[in-house]
Amino acid sequence: MDKLLIRGGRQLHGEVRISGAKNAALPELCAALLSSEPVTLLNLPRLQDVATMLTLIRNMGVTIEQVEGGVRIDSSKLSSPEAPYELVKTMRASVLALGPLLARFGDATVSLPGGCAIGSRPVDQHIKGLQAMGADIVVEHGYMIAKLPKGRTRLQGASIRTDMITVTGTENFLMAATLAEGETVLENAAQEPEITDLAEMLIAMGAKIEGQGTSRIRIQGVDKLHGCTHRVVADRIEAGTFLCAVAATGGDVVLRHGRADHLDAVIDKLREAGASVAAVEDGIHLHSQGRLVAQSFRTTEYPGFPTDMQAQFMALNAISEGPSKVTETIFENRFMHVNELVRLGANIQVDGKFAVIEGVPQLSGAVVMATDLRASASLVIAGLVADGETIVDRIYHLDRGYDQMEAKLRGIGADIERIKG
């Protein structure tokens, strides 16, 4: 099992390229299933979850051709609209195949998904929404089995209001509605930039969508979608992670392709902490000098502070000056990184959904274990500032969401290497 060895204490300087967003690429790979014509996705990140999704759709009979910077997907000969457990047990995003398969083929069998153990992420909202569009769905033997009623060839437009804001639910309904008969209105829709990017891809394929990026999205169904070429939006969570790493270590880095307008809540906190952050042409520039001031924050749905940045900013708070309080409102089990940060010398107390951090002047290198994707990134940041050597074990979590993270960090001055296990 691979590990990362980090020798801390080096400032980061230079330029790093931000990859395409995992959370946009995964639904967009599924969106390609909506058309019988070829779809080309560019700026595709080289991640384990992306590789798993490609294997999943290839297993359905889809032809995938590598092109420069991405893939060309031809689902004209898709023969098996099924996502089996053995291919999706490590990746919750597999549920995103349900809507497109059901919309185009009238039936789909998708395993209940897996993924990071950061809390309950039920699929009941997906099922309720697709049922509102006329699908018959049962859950049997760990699979969601969805079909159109006898005599019906298309999903039906509907008004869908989910009980809570759900990103993957919004994406599933958005994709399914493009081929439904009539109009679908999504109320309480998620507003993340990845959803806007997905909508733009679908529009390029011939979909009729209005309101993406707001809480109310309207989709007028069309008879068919055609192929397109689409460039995956830059990964705001990767960009935010590098911003925290540079801020923690002190340094001066430009994140090429980073989108400051997708990270307002994080950038506001970094500025309040004392870092200089500015949008520049095709990127974000951060300069950090001296010890920063710890910042309290509360995670919430976009455009609020993202739960996917909570662990990384907590690592920054751990070595910043003063106390801070972090409130996690999205997932009930997303403080698993705390015990590992404490092993490095952080002073953190957890009480339910709250974590109270008292900044310390210095962390000390140790062997730590990653528990989930974003926890892995927080331990890397802590290792970059810790005195001595830090070993981060179980980095397969990291490989699910970061495209060659250690190579990018080395490119801006970090002393970090992968140890093959």
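Among contacts in the protein chain between residues at least 6 apart in sequence, what percentage join residues at least 24 apart? In this predicted model, the share is 75%.

**Figure 1. Overall view of the protein chain, with 14 helices and 24 strands.** The C-alpha atoms fill a box of roughly 70 × 45 × 40 Å along the principal axes. The radius of gyration is 22 Å, which agrees with the value near 22 Å for a compact globule of 421 residues. Of these 421 residues, 59% count as buried. The accessible surface comes to about 16000 Å², and carbon and sulfur atoms account for 47% of this surface.

**Figure 2. Close-up of the cluster that ring pairs form from F297, F305 and F313.** The model has three aromatic pairs. The ring centres of F297 and F305 lie 4.1 Å apart with their planes at 25 degrees, so this pair is stacked. Both F297 and F305 are buried. Between F305 and F313 the centres are 5.6 Å apart and the planes stand at 85 degrees, so this pair is edge-to-face.

**Figure 3. Close-up of F305 and F313, both within the ring cluster.** F305 has a relative accessible area of 5% and is buried. F313 also counts as buried, because its relative accessibility is 0% and the cut-off is under 20%.

**Figure 4. Close-up of K325 and the ring of F354.** The charged end of K325 sits over this ring, at 4.3 Å from the ring centre.

Conventions. Residues numbered from 1 in each chain as written. Predicted model: local features only at pLDDT ≥ 70, side-chain atom pairs only at ≥ 80, totals over all residues. Heavy atoms only, no water. Phe/Tyr/Trp six-rings, centres within 6.5 Å; stacked < 30°, edge-to-face > 60°. Buried < 20%, exposed > 50% of the residue type's maximum accessible area, 1.4 Å probe, protein only. Lys NZ or Arg CZ within 6 Å of the ring centre and 35° of its normal. Helix = DSSP H or I, 4+ residues; strand = E, 2+ residues; numbered from the N terminus. Rg over C-alpha atoms; globule rule 2.2 N^0.38 Å. Contact = heavy atoms within 4.5 Å. Areas by Shrake-Rupley, 256 points an atom, 1.4 Å probe, with all protein chains shown as cover.
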